[in-house]
Amino acid sequence: MEKSSQAIFSSNPSPKTPIIRVENIVKRFPGAVALEDVSVEFYEGTIHAILGENGSGKSTLVKIMTGIYTPDQGAIFYKGRKVTIENPIKALSLGISMVSQSPVLIDRLTVAENLMLGLKQLGIFASPKSVLKLFEEIMEKIGIRVDPEEDVWKLTYTQKQLVEIARALMLGSKVIILDEALTYLPLEERRKFYRYLIEFKSKGGLTILITHKIPEAFEVSDKITVLRRGKHVGTVKTSETNVDTIREMMFAERAKEITLERLMDGVPGETVLEIRDLWVKNDFGTYALRGISLDVKRGEVLGLAGIVGNGQVELAQALMGLRNVERGSIIVYANGRSYVKPATKTLREIGVGYIPDQPLSHGVSIDYGLRENIAVMPGYTGPVINWGRLTKLAREFIEDLMIVTPSAKTPLKYLSGGNLMKSLVARELDLAKSALVAYNPTRGLDEVTSIKVRRIIKEKVVNNKIGVLLISEDLDEIFQVSDRIAVINEGKIVGLFDAKSARREEVEKLMVM
Amino acid sequence: MVSIVVVRRVKPVPYFIVPILALLIGIGVSIVILFFLTGYMVQPMDVLVSIWTGLTQPNVIANIFLILTIVGFSLAMSFKGGLYNIGGEGQFWMAAWMIVWLVFTTPIIVSQTPLVSKLVALATGFVAGFAWGLLAGILRGYVGVDEVPLTLMMNYVAYYLIDWLVMLPGRPWRDIYGYAKTRSLPQTLQYSIIPGTTVSVEMILVTIVIGFLIWLILDFTRLGLTIKIHGSNVNLLRSAGYSVPLTAALALALSGGFIGIAGILYLCGVTPSIRIPVETTTSGFGYLGILVTWLSMLELFAVPIAAYVVSSLYNAGFTLMAIKGTQQAGVTAGVTNVFMGSVLLMYALLITISEYEIRIVW
């Protein structure tokens, strides 16, 4: 390791010097033990990945390290000294910051104003000029150009994530935790950022990378810790292991179910969903969709690839009658007739399923169990609810998708994020008799469950002849499931391919051009 | 180093702890307030005896208990929908007024047999309360007005409207001696009180039926489920195709309708005429009902328990007046409000303990 004049922890950073040690951490939630006696050491000047399937405890562990949760038992040591991290401010004061998958910037403020807020909270009252100067220095290092006077809502997802990362660096972070923060960045942007992580590492900084994507861990990490069902399975050097070994550590005997090979081909039939010259505005009054035209056919999956923030949310909402259409038409063909710009209720009644981008806020009620979340959907009950039948149906969903829950009545808030997502997917797949609009249906799910969900979707397409519009930022998913691939960029369709012959590099290029 | 950490609970506290503690501490606070503000004339034992008297004499508090139970159930319905119906008073009194108006201006009710006239009166009370609640519901659902100040203000609209209507000269409902009240309802509409108690069979039956009905609606109908989901996640309702404004309007209307029935029970079973000013005629069942609903933690089975306790506190004010020495201390029945206010305040403070815990970390 090179000696650096800007060393973070010690003048001679060494990957043998432990910075954070979590010892015998236990964390319980109702009905589940999230972490059971977990002990891990994190060293200076390393990029340390934590991998695990859904509900393995990886997010819980880093939330304990950043003060969002307090452990029920165990201790945290920072530079050899026992510390209590009772809230995020304490974590930040120790130099531990976290960037998660969803940027937490305030849309209506400018980039500069967001940055000031963060510094003020920590009691750092720097002048606006010095803040902006530091921001520009860091942006240059990361290799991205963002106008600090720009309103945040105008930024792309990539830019927002990078502003978040820059903020972490401006706060003088010594430990940066990236909780799925890079997963949905395009490869090119991710690689630019990796260069910075390596420089941060050379100065002795510690990066903890949480991901469920094994290849991402192999791209940049020095060490990998695997958690499974709340227990520490092992910590290995990345250079001394391989993808298959890590998969086995994560999933044990289920590892052999993982594959990224294309699923079975759909056989396209007649059109089920027709979109013509669609113009839709976003929440800020500007056009998110600019004349989109697409057809989805029964028996096929049309994958829509694109970086988040290019109109995908608005498209999904407009299709489901949840957002106004300024111009253009949406026609759904079902039950032998056509429905022009159908209302949400009609869409649900004719069997159009919807997996929204924000499952927690738009897809489920976490205060109630799976059976209530089924019952609220049209078509599952009359004016009087037959709970016996719905409970039985809920149990079928639980079994089919291996949802970990004490019962069909257990409020969804007690389930892990992955199991909550599985509950939503199960319901919408069952509801979809004509078509399914799915936005990131496997977001947050581990590889085994993701494959299972994708397989179930494709089987439904092939066997039941429904049409699926799959909107996803995960190109692995797009290529695995789709029969055709469209690319969206700045609200327009910029490419349409047959999935079998499409080249990934070409699709990626169209996504970022 | 010792640190005090305040963390959000991940495991909920057993829900009955908050109302029980709120009651105990609230009563304790009331005792202290009364002791000091009356120059030590109201002793702690006086207060405890008065509350105990209420708790152990169900026949005395029964009528208030039943009315508060209905109001509590009705408010639980709207509160579960995330809609804070503070307009129980207005819905209660508008229903009572509607019966008075119908009885003295049309033969619709009085021309029927006693049984039918009582049933029609209840149905009319429901419709009147429903309409008053629906008005608030439409403004809340379709215009976006916050229902808390809206329903509260509608109480005052109801109070002053009824006060004005009662005193209109030359109207058939005016008291024949010119007192500030309406004529009494005909005997055929009045309930027969069970000897030795303050209630009638009709009141008991209606309370049971309403409790059962509200439970059925909330737990076994799609309407009830959509109301509950409205209180949990309106976006889910929207993406399931329901009209969120309509759901909000219906929840407030239904809540108002059932409270309207409580108004009829009061008129037919407790006092057969409306006295003005309406606002001060009672201690405000619409407001007491809110305390009942909160103390029940929105659990329907706990509503009667909470109603019983609140009725006892309500009655304690009257009992305290009768205890020797307290009249010299200037205690009036309004001391009830000291009990209610203290318990409500403690509840509001203690509800945080059900969400957060304090840990001492070494």
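This is a predicted model: local features need pLDDT of at least 70, side-chain atom pairs count only at pLDDT 80 or more; totals for chains, interfaces and linings use all residues.
Residues are numbered from 1 along each chain as its sequence is written, chains are lettered from A and ligands numbered from 1 in the order in which they are written, and side-chain values use heavy atoms, with hydrogens and water left out.

Helix α11(B) is mostly covered, with 9 of its 11 residues buried. Just after α11(B), a positive phi of about 55° is found at Met297(B).

Helix α3 (residues 58-80) of chain B packs on α11 (residues 285-295) of chain B at an angle of about 65°, with the axes 8 Å apart. Axes are lines fitted to C-alpha atoms, for helices over the stretch in contact, and angles run from 0 to 180 degrees between N-to-C directions. The helices α3(B) and α11(B) are therefore roughly perpendicular to each other (angles of 65 to 115 degrees; under 35 counts as roughly parallel, over 145 as roughly antiparallel and the rest as oblique). Their crossing is right-handed, meaning that the near helix is turned clockwise from the far one by less than a right angle, while anticlockwise gives a left-handed crossing. The contact (heavy atoms within 4.5 Å) includes Ile64(B), Leu68(B) and Phe79(B) of α3(B) and Phe285(B), Leu288(B) and Trp294(B) of α11(B). Its residues divide into 12 nonpolar, 4 polar and no charged; Ala, Val, Leu, Ile, Met, Phe, Trp, Tyr, Cys and Pro count as nonpolar, Asp, Glu, Lys and Arg as charged, and the others, Gly among them, as polar.

Among the contact residues are Trp93(B) and Trp97(B) of α4(B) and Tyr159(B) and Ile162(B) of α6(B). The contact residues comprise 9 nonpolar, 3 polar and 1 charged.

In chain A, strand β8 (residues 206-211) has 6 of its 6 residues buried. Leu206(A), Ile208(A) and Ile210(A) lie on one side and Thr207(A), Leu209(A) and Thr211(A) on the other. Strand β3 (residues 47-52) of chain A pairs with β8(A) in the parallel sense over 5 bridges, pairing being assigned if DSSP finds at least two bridges between two strands. Ile47(A) stands opposite Thr207(A). Strand β7 (residues 175-179) of chain A also runs parallel to β8(A), joined by 5 bridges, and Val175(A) has Leu206(A) as its bridge partner.

Elsewhere in chain A, 6 strands form an open sheet of mixed pairing in the order β16-β17-β18-β13-β19-β20. The edge strands are β16 (352-355) and β20 (492-498). The twist averages 15° from one strand to the next. Helix α17 (residues 504-512) of chain A packs on the sheet, touching β13 (301-305), β19 (484-489) and β20, and its direction makes about 25° with that of β19(A).

Notes
Helices (H or I, at least four residues) and strands (E, at least two) are DSSP runs, numbered from the N terminus. Buried means under 20% relative accessible area, exposed over 50%, partly exposed in between (1.4 Å probe, protein chains only).
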